[in-house]
Amino acid sequence: MVQVNSNYLKLKAGYLFPEIARRVKAFSAAHPEAAIIRLGIGDVTEPLPEACRTAMKAAVDAMGTPEGFHGYGPEQGYPWLREAIARHDFQARSCAVDPEEIFVSDGSKCDSANILDILGTGNRIAVTDPVYPVYVDSNVMAGRTGEADEGGRYGGLTYLPISAENGFTARIPEETVDLIYLCFPNNPTGAVATREHLAEWVAYARANGSLILFDAAYEAFIQDPSLPHSIYEIEGARDCAIEFRSFSKNAGFTGTRCAFTVVPRGLMGTSDSGEAVELWGLWNRRQSTKFNGVSYIVQRGAEAVYSPEGQAQVRELIRFYMENAAIIRRELAAAGLEVHGGEQAPYVWAKTPAGLDSWGFFDLLLGQAHVVGTPGSGFGAAGDGYFRLSAFNSRANVEEAMKRIQAALAG
Ligand code: MLT
């Protein structure tokens, strides 16, 4: 019989969001009359910006002509999109990122997991707790961890607890780790990193020869102009960091799929024989072999994000979702809950009411308010006793959900 990858057997039950979907489906089947409001998975709800739709339609029409037809594109993305990204997202913020360092992809989730293909198995890995589950699960699948303990923590990983006490930003570890996953604005806690905090990590990584995997999928939600959007705003980060970005949350591309990863030239790792190797070449090789690029139509849509109309429409989307976040914060606090996040990120991280753990609160909200959130414990042991609500929904649904949560908590 064929052998399976037994590392998968170490994984806890299901991936968090399908597990939530399974529970919601079961509840819905038992209570077909319940009008469920979903503030769980961070999936956008508002229509694609008009500038993107117009560009995509034009691309579809072009594909219907012999001159405008496009077959396989470059695996790294079309040059015009890579140039627009480099100019607007990096050079405009004084980050020296070149178009050739940008690899267009179909998602940051995939990239943050796939990056392990080019990294050795002996690396010591640090993740925060709570954390976006993909970072942990992809390491488990790749056989880079031991078994999970009772609390769900995997052997071989270094967990950096984040909590209200440290402002949900991890303390720099005492020991040396080779690979560090950081996500700012943070999923799930909504916390954000100051320039000083990122500078500490960059100094640590440079001193220890570590690599930072920096997930900036939510950078567009930062409201405070003094906060960094990219790790490359920190001097020295080009020598120690890879950055993941996405069009999913800012421009509503969760369904159309477009993202990108920045791998700076000159960022080096070491081979088994001790030779210095440039990571850019390895990622380029990996993408050329395993990926055929994002569709021409979708890349044209992504390019339109950088047009003046696209920029204005994306700003409006962000403003809309951040108003939702402010409503969620305000109403949960009025209901007596301790709230965090939601000021520079589309996620609000609330402490569960006394006596209820994360899944207990999930069940209470689903059963009594017909509102779906995400249990904090799904993001790691230290997330227990917390609950995440996403600001991605219509205004009417957010307002209705808050009324129902307040009634459930009052009752
Ligand atoms: C989430 O809810 O955490 C997000 O949907 C994660 C993602 O974008 O994969």
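Leu16, Glu19, Ile20, Arg23, Val24 and Phe27 of helix α1 meet Trp359, Phe362, Asp363, Leu366 and Gly367 of helix α11, where contact means heavy atoms within 4.5 Å. The residues of this contact comprise seven nonpolar, one polar and three charged, with Ala, Val, Leu, Ile, Met, Phe, Trp, Tyr, Cys and Pro counted as nonpolar, Asp, Glu, Lys and Arg as charged, and the others, Gly among them, as polar. This is a predicted model, in which local features need pLDDT of at least 70 and side-chain atom pairs count only at pLDDT 80 or more, while totals for chains, interfaces and linings use all residues. Residues are numbered from 1 along each chain as its sequence is written, and side-chain values use heavy atoms, with hydrogens and water left out.

Helix α1 (residues 16–30) and helix α11 (residues 358–369) pack at an angle of about 40°, their axes 11 Å apart. The two helices are therefore oblique to each other, a class left over once angles under 35 degrees (roughly parallel), over 145 (roughly antiparallel) and 65 to 115 (roughly perpendicular) are set aside.

Strand β8 (residues 259–262) is covered on both faces, with Ala259 and Thr261 buried on one side and Phe260 and Val262 buried on the other; buried means under 20% relative accessible area, with a 1.4 Å probe and protein chains only. Its pairings, which require at least two DSSP bridges between strands, are listed here.

| Strand paired with β8 | Sense and bridges |
|---|---|
| β2 (residues 102–105) | antiparallel, four bridges |
| β7 (residues 241–246) | antiparallel, four bridges |

Within β8, phenylalanine 260 stands opposite valine 104, and valine 262 is the bridge partner of glutamate 243.

Technical notes. Axes fitted to C-alpha atoms, helices over the stretch in contact; angles between N-to-C directions. Buried < 20%, exposed > 50% of the residue type's maximum accessible area, 1.4 Å probe, protein only.
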